[in-house]
Amino acid sequence: MENTLTPEALLAGVRRARLVAIVRGTDGQAAGRAALAAMEEGFKYVEIALTTPGALTAISQVRAAAPAGCFVGAGTVLTKQDAENVESAGGQFVVTPSLAPSIEAAAGRGIAVLAGALTPSEAFEAMNRGATAVKLFPASIGGPGYLKALRDPFPDIPFIAVGGVGLDEAAGYWGAGAIAVGLGSPLFGDAGSGGDLAPMRGRARRFVALAAEYNGRAAEDLR
């Protein structure tokens, strides 16, 4: 299955959407259903963590069933073999929690990479290795103020804030310069392990509405 999502397209799309969904659970089938439910509620970019049993099968199934304009990737991608497995399964982007060997492996294959980093040195190194954007993780350690301080010397690095980001925190990170926020348990709860999808769908709609509202205010400010 050809990957039509280039790193440039992912970066532009994530900037517009401001949201990336992160499914991690104990059941691949449940994770896949949760990923598709998030897409149906307006999320364009959803990753399924490889720590989820059956994640690769779930990624293949979600890719086949995803609504138009929605993309599925893999999280916790650590090794070269992980990157190759994700590509074979139809994953369209990869996400790492750290400066893992998978960054170069995926970037070398033309796959967009959201690379995990926390410190200034790690953020710089992630981009040097071919990352499309830096996943600031765990963002909650320093909050929006830390992100703003990081962006002072690195204004051109696109940061996505992940870890401890909920409805009450998202706008603070966008205001500090994050192009997007990554949402795991604050969005999915236990849906990736077979929990009820209805509450998750409600949270998804609220996140999508919040991003749209923020983008609307930002557009007004530019006029």
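How many helices and strands are there in the protein? The protein contains 10 helices and eight strands, where helices (H or I, at least four residues) and strands (E, at least two) are DSSP runs numbered from the N terminus. The radius of gyration, taken over C-alpha atoms, is 16 Å, close to the 17 Å given by the globule rule for 223 residues, so the protein is as compact as a globular protein of that length. That rule is 2.2 Å times the number of residues to the power 0.38.

This is a predicted model, in which local features need pLDDT of at least 70 and side-chain atom pairs count only at pLDDT 80 or more, while totals for chains, interfaces and linings use all residues. Residues are numbered from 1 along each chain as its sequence is written, and side-chain values use heavy atoms, with hydrogens and water left out.

**Overall dimensions and burial**

| Property of the protein | Value |
|---|---|
| Span of the C-alpha trace along its principal axes | about 40 × 35 × 30 Å |
| Buried share of the 223 residues | 49% |
| Share joining residues at least 24 apart, among contacts between residues at least 6 apart in sequence | 60% |

Buried means under 20% relative accessible area, exposed over 50%, and partly exposed in between (1.4 Å probe, protein chains only). Contact means heavy atoms within 4.5 Å.

**Helix 1**

In helix 1 (residues 7–17), the buried residues are Leu-10, Leu-11, Gly-13 and Val-14.

**Helices 2 and 3**

Helix 2 (residues 28–40) packs with helix 3 (residues 55–65) at an angle of about 30°, and their axes are 9 Å apart. Helix 2 is therefore roughly parallel to helix 3, a term for angles under 35 degrees. Axes are lines fitted to C-alpha atoms, for helices over the stretch in contact, and angles run from 0 to 180 degrees between N-to-C directions.

From helix 2, Gly-28, Gln-29, Gly-32, Ala-35, Leu-36 and Met-39 meet Thr-57, Ala-58, Gln-61, Val-62 and Ala-65 of helix 3. The residues of this contact divide into six nonpolar, five polar and no charged. Here Ala, Val, Leu, Ile, Met, Phe, Trp, Tyr, Cys and Pro count as nonpolar, Asp, Glu, Lys and Arg as charged, and the others, Gly among them, as polar.

**Gly-184**

Gly-184 lies in the loop between strand 8 (180–183) and helix 9 (185–188). Gly-184 is buried, with a relative accessible area of 18%. Not counting residues up to four places away in sequence, Gly-184 touches Ile-22 and Gly-189. Gly-164 is 20 residues from Gly-184 along the chain, and their C-alpha atoms are separated by 8.5 Å.

How values were computed. Parallel < 35°, antiparallel > 145°, perpendicular 65-115°, else oblique.
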